[in-house]
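Hi,

Here is the structure I promised to pass on to you. Have a look at it first, and my notes follow below.

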Amino acid sequence: MFDLTLTQLADGLERGDFSSQELTQAWLERIQREDAQYNAYITLTPELALQQAAQADAQRAAGQAGRFTGLPIAHKDIFCTIGVKTSCGSKMLDNFIAPYNATLVERFNTAGAVMLGKTNMDEFAMGSSNENSYYGPVRNPWDTTRVPGGSSGGSAAAVAARLAPAATGTDTGGSIRQPAALCGITGLKPTYGRVSRYGMIAYASSLDQAGPMTRTAADAALMLQVMAGHDPRDSTSAEVAVPDYTAQLDLPLKGLRIGLPDEYFSSSLDSQIAAQIQQALRQFEALGATCKPIRLANTARCIPAYYIIAPAEASSNLSRFDGVRYGYRCEEPKDLMDLYTRSRGEGFGREVKRRIMIGTYALSAGYYDAYYRKAQQIRRLIQQDFVEALKEVDVIMGPVTPHTAFAIGEKNNDPVAMYMEDIFTLSLNLAGLPGMSIPCGQVAGLPVGLQIIGNYFAEDKLLNIAHQFQQATDWHTQSPVKL
Amino acid sequence: MEWETVIGLEIHVQLSTQTKIFSGASTAFGAEPNTQACAVDLALPGTLPVFNENALRMAVMFGLAVNAEIGKRSVFERKNYFYPDLPKGYQTTQLAEPIVGPGYIDIETEEGGTRRVRIHHAHLEEDAGKSLHEDFHGMTGIDLNRAGTPLVEIVSEPDMRSAKEAAAYARKIHAIVTTLGICDGNMAEGSMRCDCNVSIRPKGSETLGTRTELKNINSFRFIERAIETEVARQIDLIEDGGRVVQETRLYDPDRNQTRSMRSKEEANDYRYFPCPDLLPVVIDETYIEQIRQTLPELPDARKARFITEYQLSEYDAGVLCADSAQADYYEALVKQTGDAKLAANWVMGELAKNLNQQDLDIRQSPVSATQLAGLLVRIKDETITGKIAKQVFEILWSEGGNADAIIDAKGLKQVTDTGAIEAAVDQVIAQCTPQVEQYLAAEPDKRGKMLGFFMGQVMKLSQGKANPGQVQGLLKTKLDALLPK
Amino acid sequence: MSLDHSDVARIAHLARLEVSDAEISEFASSLNSILSLVDAMQATDTQGVEPLAHPLDSVQRLRADEVSEVNQREALQTCAPAVEDGLFLVPRVIE
């Protein structure tokens, strides 16, 4: 049962091979038995899960089941879930029981999903290793001395270690794609605006986007079908029709034009990873695709632009955590200033404070033009590069990360080295484009991810391409755990 | 040295929308603390703003009313600072691209002329909550019901030259926003609040002096007094060899003085940047034109019409049009009585006096226009005298009802029976021999004035009910008959 | 540009973060290395390039002015650190 994909579980529920309650009970037991070695979950919600499962079974008995009814999944602990702790990986929100549901959570509930629990993450989604969690680091199921990536490291580890059939994640600079790559699963960051951000605790509002983290592209299609769509509560949510993602999975790839950015195959890329990517590209050619080199000239500038824009927005977004209305409040504040500085100083972790300070500085008087404005201009140049490239090719492919999973503690004291890990993922968030990470090989027993970048709202095409690859290869079926 | 005062105003106007600028919570005033602060208003993690279409419409209406350019593209920005009544830690406002661009209004000066006050711009923003400093064991209580109420902040150029002009400008803005119906105008509830930037300079100088900002003044009278007080302080300071410090000051109406708000004024660094949760607001000419078509008659136009249509003096028309509700009341009265002069006298006389005494707005008047019209038609058709009318008005004010019923019940009808009036006149002439003799001995041109005494006596005798015209006629005839031939 | 001890203290104060002296030194060093990474972008010619604030070239949608939220004070205040008579309490604010 734990080796079945989300799609296969949906089929099993439809056939009556098992009930949602049986399924849910089994997964809950597995999590309780196994998660201590990975620390993928912050909160388990067994009562709620079994209650939702019972409801799903009743719906199925009444003939009212949809495709998602009764399927158990995990939510990243960045999504507000009513009556359940929503910590965002922070001491600041350790005591925060959300009084409302994120739109995404509401949509899964309406579709009949069962929530197993809330997954671990880098505090406020700031990190690429999941070492920045108040609840401790998550361990990579392929090698528990290594990081799973971040910030959606808990979701990635849970799916890889068969502790959830699928999970939700969020991606501000690579936070879905990078952990998906490092844990050998499938991750999709949709187009900015495709999935509602309401109830998803903001890191950088103009970059944040939620997406599915699954074992296969077909599972991601199933998940995205539930997540995508316009939300009147989110001004930045797109009013663009949602296609049937599953219906297009089987289209052939003949004639597909793949662009390969020179900049993504540069010296910073590990040569063994490069070899795995090349092999995947040969596979696509075998499926009828053609490859051609393209230029994304401003690629290297995505790091400075991102590390101004994201912290600037974050410095403002995180001002609401002030110890007044919810969240952590310091003991015995002696005055208002003390309440603010100690609640925030004690409630936030080191990386969060670092980014708040970078952002505060970048927006402060006299520096705005040199930093923030400049970064937004570079952001446009980066976007233009993609728009031009995507006139000549259907999709762009390349690596997700320059290295495979690194050791816990290896880069934790060197923020710049950590930021450099994001070089291939940040650009998409700046441009707002959709991107996927799918397993395409291994180096020394650690998974390697292939990144597929598409045009705005071309999630259906990305899923189709990924699915076709997964029909021809078995990297996505490799498991780090023995069942 | 002779000094010139330079004043610029920033007026915050609360828009009378049903809901907040970025959330669907109600804006109604006076609810229990925090019962109208929803998840968005409390800045709960993950919540997002969505812009209220009515706030946009109202801001555009205001822009059109002050002859301003309308921003076809406006952008919300975040003004970052920490304060307990500011839940997000930033105020969503507009800076570089506001909804209303440069415009102007004309105000009447003390000398009877007009002065054009330029409006630099007006922008949309959200109000903050309220801090309550009553004793909560030495703590401050925060009520966020007001947080997110839409505001238009109207920023003038430093074009005013006296406290009176500043107050006249504020009154004019008040008249415009109430006429447009975009603000309830209730200053006591904070629906309109004023910050005054005040500086002085030697008369004839072109350079601006260092200004101070007087914060949050919520009455026209206080605007005037606060500025006068502050100007006097600045003059004293400079003439004693001191310098004005740029700072925020608070006006204390009880002591009639201004004082510095913070001893150690912290240099503000608001770190403005475009709000990434909101997209640019884009409107087109069609949208603006549609709003232009729906604009009501504005105070200046209405005043001009009152002067020509109702033959009112410039002053009376100005007073009546200063508040749109008052002008509406007046016009309803004119429509129902057909007497513009009588209606004006009553609105600015008895009605205004009673409203002032009880500190009421005309919208809260216990006597409606229809009730008052019922009274005025009885004056006009001479059923009652003006003096009796005031008694009836007092009853209408305190007990309600309608004029006719009160007149009937109290027997206040005017006496027009010639026989009864003649009897009263005869009685007065008979009883007041000394005054009659004086009358008869007086120069002819003085007699008219002396008639007043006898009028008073007859009216008193008839308990105010005798028709004054008839009384006057009869008195004159009968007294003149006594004159030696 | 390089930040010294007092710059970091000023930024921390603006952001209302209490940081110890030891932390200030550590932050100064990491912020400076991040800033040197970021300063690489100054070499890019962006003359005449319109800043991009949102990836989607879209405009603000408008919400009808209708009350959609009901009073949920009790639920919304369950996680509040200090509440009395429906008010959030903070140390006394002196004006």
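How many residue pairs are in polar contact between chain A and chain B, with both at pLDDT 80 or more? The count is 18 residue pairs. Please keep in mind that this is a predicted model.

On the side of chain A that touches chain B, the elements giving two or more residues are helix H9 (302–317), helix H10 (336–347) and helix H11 (350–363) of chain A. H9(A) provides the largest share of that side, with 4 residues. By type, the residues on this side of chain A divide into 19 nonpolar, 10 polar and 9 charged.

The count of salt bridges between chain A and chain B is 1. Arg197(A) forms a salt bridge with Asp277(B), and their closest N and O atoms are 3.0 Å apart.

As for the extent of the contact, 38 residues come from chain A and 30 residues from chain B. About 2,700 Å² is buried between chain A and chain B, and carbon and sulfur atoms give 59% of that area. In chain A, the residues that lose the most area to chain B are Ser235(A), Arg320(A) and Arg325(A), together 22% of what that side buries.

Now to the cores. The largest nonpolar core has 194 residues, and Phe68(A), Phe124(A), Phe386(A), Met397(A) and Ile452(A) touch the most other members. H9(A) gives the largest share of this core, 10 residues. Leaving out residues up to four places away in sequence, Met397(A) touches several residues, including Phe265(A), Phe284(A) and Ile452(A). A second, separate core of 64 residues includes Trp3(B), Ile176(B), Leu214(B) and Ile283(B).

Best wishes

Definitions and conventions: Residues are numbered from 1 along each chain as its sequence is written. Chains are lettered from A and ligands numbered from 1 in the order in which they are written. This is a predicted model: local features need pLDDT of at least 70, side-chain atom pairs count only at pLDDT 80 or more; totals for chains, interfaces and linings use all residues. Side-chain values use heavy atoms; hydrogens and water are left out. Contact means heavy atoms within 4.5 Å. Buried area is the accessible area (1.4 Å probe) that two parts lose on being put together, summed over both. A salt bridge is a side-chain nitrogen of Lys or Arg within 4 Å of a carboxyl oxygen of Asp or Glu. A polar contact is a pair of N or O atoms within 3.5 Å; within protein, one must be able to donate a hydrogen and the other to accept it, and residues adjacent in sequence count only if both atoms are side-chain atoms. Ala, Val, Leu, Ile, Met, Phe, Trp, Tyr, Cys and Pro count as nonpolar, Asp, Glu, Lys and Arg as charged, and the others, Gly among them, as polar. A nonpolar core is a set of buried Ala, Val, Leu, Ile, Met, Phe, Trp, Tyr and Cys residues joined through side-chain atoms within 4.5 Å. Buried means under 20% relative accessible area, exposed over 50%, partly exposed in between (1.4 Å probe, protein chains only).
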